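Morning, everyone. Please take a look at the structure on the screen, and I will walk you through a few parts of it.

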Amino acid sequence: MNSSQSNIIREIAQELDCGNDCYYNFKTNEILAIPNFSQVFDEEEFKESFQESLEKIEKHKSEFIKIEVLESFESFKIIERFVEQIPDQKFKEQLEDILANKKPFQNFKHKIDHSEFRKNWFEFKQSELEKIVEYQLNSGKASAQQSTVVKNK
């Protein structure tokens, strides 16, 4: 993977982490980040604020690959994988207890933010998001190319 591809993957992963859906134009390498619609309170204001991007996506729909914000269960799986690899057994058990109880995301965030593993967590999460983005981009390009082949027949 070349460095521009790595930068695109990194940028999309960061946008996802901020709660934005991303639209990647594989012909121009343009990335459009738009807040996940489920987090929007005012639909009219949303459409007005992102009108230019939404129109561009609609106009060039076949050139964009949409990568959506992770579902809660997907984020939870990333947290579980992180916890599995923590070397400090006592801290690992504390995190496992947190994940098994109410408000696991909130309590995990609080515990990890006040630990020596905070930096490790952010690096791990970014790496996992990048793997997901790379997979989705590769899958999306393949299906976009497939539909182009079908149209050209």
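A definition to begin with. Helices (H or I, at least four residues) and strands (E, at least two) are DSSP runs, numbered from the N terminus. Now the ground rules. This is a predicted model, where local features need pLDDT of at least 70, side-chain atom pairs count only at pLDDT 80 or more, and totals for chains, interfaces and linings use all residues. Residues are numbered from 1 along each chain as its sequence is written, and side-chain values use heavy atoms, with hydrogens and water left out.

The overall picture, then. The protein chain has 7 helices and 3 strands. Starting at the N terminus, the order is α-β-β-α-α-β-α-α-α-α. How much of the chain is buried? Of its 153 residues, 33% count as buried. Buried means under 20% relative accessible area, exposed means over 50%, and partly exposed is in between, with a 1.4 Å probe and protein chains only. The accessible surface of the protein chain is about 10,300 Å², and 47% of that belongs to carbon and sulfur atoms. Those areas come from the Shrake-Rupley method with a 1.4 Å probe; for residues, only the protein chains shown count as cover.

Next, contacts. Contact means heavy atoms within 4.5 Å. Take the contacts in the protein chain between residues at least 6 apart in sequence: 56% of them join residues at least 24 apart.

Let's turn to helix 4 and helix 6. Helix 4 covers residues 72-84, and helix 6 covers 104-113. How do their axes meet? They come within 11 Å and cross at roughly 35°. Axes here are lines fitted to C-alpha atoms, for helices over the stretch in contact, with angles from 0 to 180 degrees between N-to-C directions. Helix 4 passes helix 6 in a left-handed crossing. Left-handed means that the near helix is turned anticlockwise from the far one by less than a right angle; clockwise would be right-handed.

Which residues make this contact? From helix 4, they are S72, S75, F76, I79, F82 and V83; from helix 6, they are P104, F105, F108 and I112. By class, that contact has 8 nonpolar residues, 2 polar and no charged ones. For those classes, Ala, Val, Leu, Ile, Met, Phe, Trp, Tyr, Cys and Pro are nonpolar, Asp, Glu, Lys and Arg are charged, and the others, Gly among them, are polar.

Aromatic rings come next. A pair of aromatic rings is described by the distance of the centres and the angle of the planes. Rings of Phe, Tyr and Trp (its six-membered ring) pair if their centres lie within 6.5 Å; planes under 30 degrees apart count as stacked, over 60 as edge-to-face, and the rest as tilted. Searching the whole structure gives 7 aromatic pairs. In one of them, the ring centres of F76 and F105 are 6.0 Å apart with planes at 75°, so this pair is edge-to-face. F76 lies in helix 4 and F105 in helix 6, so the pair ties together parts 29 residues apart in sequence. F105 is partly exposed, at a relative accessible area of 35%.

Now F82 and F108. Their ring centres are 6.4 Å apart and their planes at 85°, so this pair is edge-to-face. F82 is in helix 4 and F108 in helix 6, so parts 26 residues apart in sequence are tied together. Both F82 and F108 are buried. Ring pairs also link F82, F108, W121 and F124 into a cluster.

On to V69. V69 sits in the loop between strand 3 (64-67) and helix 4. V69 counts as buried, at 18% relative accessibility. Leaving out residues up to four places away in sequence, V69 touches L16, G19, N20, D21 and N36. G19 is in the loop between helix 1 (3-17) and strand 1. G19 is buried too, with a relative accessible area of 7%. G19 and V69 are 50 residues apart in sequence, yet 5.9 Å apart in space, C-alpha to C-alpha.

Last, backbone angles. Most residues other than glycine have a negative phi. Which way does phi go at N29? Phi of N29 is positive, near 65°. N29 is in the loop between strand 1 (20-25) and strand 2 (30-35), and is partly exposed at 42%. K103 has a positive phi as well, near 55°. K103 is in the loop between helix 5 (89-100) and helix 6, and is exposed at 56%.
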